[in-house]
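Student: Please take a close look at one helix pair in this model. Then place that pair in its surroundings.

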Amino acid sequence: MPALIDLVEITKDYGRFRALDRVTLQIHSGITGLLGPNGAGKSTLIKVLLGLVKMTSGRGRLLDFELGRDSREIRAQVGYMPEDDCFLHGMTGIESVQFVAQLSRFPAVEGLRRAHEILDFCGLAQERYRTVETYSTGMRQKLRFAQAIVHDPPVLILDEPTSGLDPEERQVMLNRIRLLAQDQGKAVLLCTHILPDIQSISDAVVILARGQVQVSQSLADLSRPSIPAMELRLLGPSEPFLERLRQQGIAVATPVNGLIILPGTGEALAAAVWKTAQECQVGVRSLTPARNSLEEIFLNAVRGESKNE
Amino acid sequence: MIGSVLAVFCFEWKRSFTWPRMMWWLVLMCFPIFIMGLVRYNALNAISASDRSQEAFLTGWLVLCAWLLFALIPMLVAMLGTLLWTTPAISAELERKSWIYLAVRPHGSLSVVIGKYLTAVTWVFPPAILGLTIAVLLAGLSTWTEVGRVWWTMLRLVLLSVPAYGAIYLLIGVLLPRRAMTFAVAYTLIFELVISFVPAVINKLTVQYRLRSLLVEWCELSLIGPNGRPLSTSLTVIGTEPAWQHVLILMAMSIGLVGLSVVVLKSREFSSSAESET
């Protein structure tokens, strides 16, 4: 499948400071999490994609358009939700969404229709008739999201879409993003510092550090441990159960915080676990394939980069 | 593109109906009226009724009123109005961090700049024209023909000066968004108020020079001194070119400078207040 965003050796210098250093990257449809510590070059990468800053060298394509040359066409194809709390003061929610729709080539009436439709989708009800200055943080997030998707772009770049939201609103926002990616086939580049968000909805992860790509891989591949294993949590005393497993030749390590790591995968292992649990009269709370945590992957990527210096 | 410009234009006009902006509008309209009224009141008090009907006084009064109205409306009101609304076209959005919202739309940045320029120009016309109309009526010119001639001249000068000054300030705002106001005021003081009076070719680059020349020609103001010879200063600070040439240059200047602003805008990187002008 061809990449929706294809970057080759992109470099961006701000004077003597190199913000992006030969970034080569392919982003496919689905949700891609863009991670990196502060100053890693995430914002610069987004601005290069949007044509807001010119790259110093390299080349790239977004859909069928050349970066740097077809900026106008690219902007028509991309919905961008900036991180900054920036609003067009003096406008109501509905007006501000209609206004950006008009700037995206919609006629006024069609823009208004789209604005209502999108605000319904984003969960802004009667509040849409209030001026944006009176909005809470959650409402502002929803409004920014609505402005990003009002022109139905095939590519979405969302910068910290869940920051400042309470857990329930955060979940709803993630569901909306997932819906757009899965049901409407949009490519989403999700830039956030909230790792569980990336872990819960992303298909792939890109980790930037010091302007360089440290990791660019599917989340499934990244999460897979180098040695296949299963994670087990029990209800009740675990010692007799573990002893029984060891007797069957399964090398079980001592549990850490109630988490038991079983080497290997497959149905035979699972069957052995269930059988032993029944014999030992213990409940199985969960039995899942072991995964590397994103936090660990992120820290390793960033540290690895630091060691290379 | 036209739809986007229109959207910005409508939005900016809607945003103009705030108390501070309405107050500015009122000030721009009333200031020339107030000054004209004050001058007329003092003049009438200083001169006896019999002297007021004499030919010399009437001619002098016409000249005085024409120059005063010129200084107040096509100069002051046009400059101040456009300075206030076109200079911060970009810096205001950068400060509010709303620039990025607009810039990521297909024609966003161009629509914003052109839309704001058109808003500023049309925003300044009403106070300038209303103020002009009332001030001319208040001036007490001797005949309706004179009233009509002065009004028609000033109206044409306003229609030329507002877009020209707006375009200059817009370009300054695009070139130097961080210190736009300072540079715009400096430009006004140095170029339009000093260099335009320098008897050298450089004064032909100013809007002032063109407007002044048109005023003299359209109002048929005399440049002959008391000795019957042309006033020496007038020869270099007032152009002898035909009026159509001045009009054409002013129009070309307005369109050209807006076009230049667009070109500069496309070649610059403004992303946020923190990272602008990289």
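**A helix pair in chain B**

Tutor: Start with the axes. Those of α8(B) and α10(B), the latter spanning residues 207-218, come within 10 Å and cross at roughly 170°. Two packed helices are described by the angle between their axes and the distance between the axes. Angles over 145 degrees count as roughly antiparallel. α8(B) and α10(B) are therefore roughly antiparallel to each other. Bear in mind that this is a predicted model.

Now the residues. On the α8(B) side, the contact uses T153(B), R156(B), L157(B), L160(B), S161(B), A164(B) and Y165(B). They meet V207(B), L211(B), L214(B), L215(B) and W218(B) of α10(B). By class, this contact has 9 nonpolar, 2 polar and 1 charged residues. In soluble globular proteins, nonpolar side chains tend to be buried together.

The largest nonpolar core has 152 residues. Four members touch the most others: A146(A), V188(A), L69(B) and L170(B). Helix α8 of chain B, residues 144-175, supplies the largest share of this core, 15 residues. Leaving out residues up to four places away in sequence, A146(A) touches V97(A), I118(A), L119(A), C122(A) and L124(A). There is also a second, separate core of 9 residues. Among its members are L234(A), L242(A), L245(A) and I260(A).

Step back to chain B. Its secondary structure comes to 12 helices and 0 strands. From the N terminus on, the order of elements is α-α-α-α-α-α-α-α-α-α-α-α. Chain B has 278 residues, and 43% of them count as buried. Consider its contacts with a sequence separation of 6 or more. Of these, 81% are between residues 24 or more positions apart.

Next, the partner chain. Chain A holds 11 helices and 13 strands. Of its 309 residues, 41% count as buried. Take the contacts in chain A between residues at least 6 apart in sequence: 68% of them join residues at least 24 apart. The C-alpha trace of chain A spans about 75 × 50 × 35 Å along its principal axes. Chain A is divided into two parts: domain 1 (5-89 + 138-223) and domain 2 (229-289). The C-alpha centres of these domains of chain A lie 41 Å apart.

One helix of chain A deserves a look too. α1(A), residues 42-50, is mostly covered, with 9 of its 9 residues buried. Those buried residues are K42(A), S43(A), T44(A), L45(A), I46(A), K47(A), V48(A), L49(A) and L50(A). After α1(A) comes G51(A), with a positive phi near 75°.

Finally, the two chains together. In chain B, 22 residues are in contact with 25 residues of chain A. On the side of chain B that touches chain A, α1 (2-16), α6 (99-103) and α7 (108-138) of chain B each supply at least two residues. The largest share, 5 residues, comes from α1(B). By class, this side of chain B has 8 nonpolar, 9 polar and 5 charged residues.

Back to the pair itself.

Terms used: Residues numbered from 1 in each chain as written. Chains lettered and ligands numbered in written order. Predicted model: local features only at pLDDT ≥ 70, side-chain atom pairs only at ≥ 80, totals over all residues. Contact = placed C-beta atoms within 7 Å. Helix = DSSP H or I, 4+ residues; strand = E, 2+ residues; numbered from the N terminus. Nonpolar A, V, L, I, M, F, W, Y, C, P; charged D, E, K, R; others polar. Domains from an automatic or database assignment. Buried ≥ 20, exposed ≤ 12 C-beta atoms within 10 Å, placed from the backbone. Core = buried A, V, L, I, M, F, W, Y, C linked by C-beta atoms within 7 Å. Axes fitted to C-alpha atoms, helices over the stretch in contact; angles between N-to-C directions. Parallel < 35°, antiparallel > 145°, perpendicular 65-115°, else oblique.
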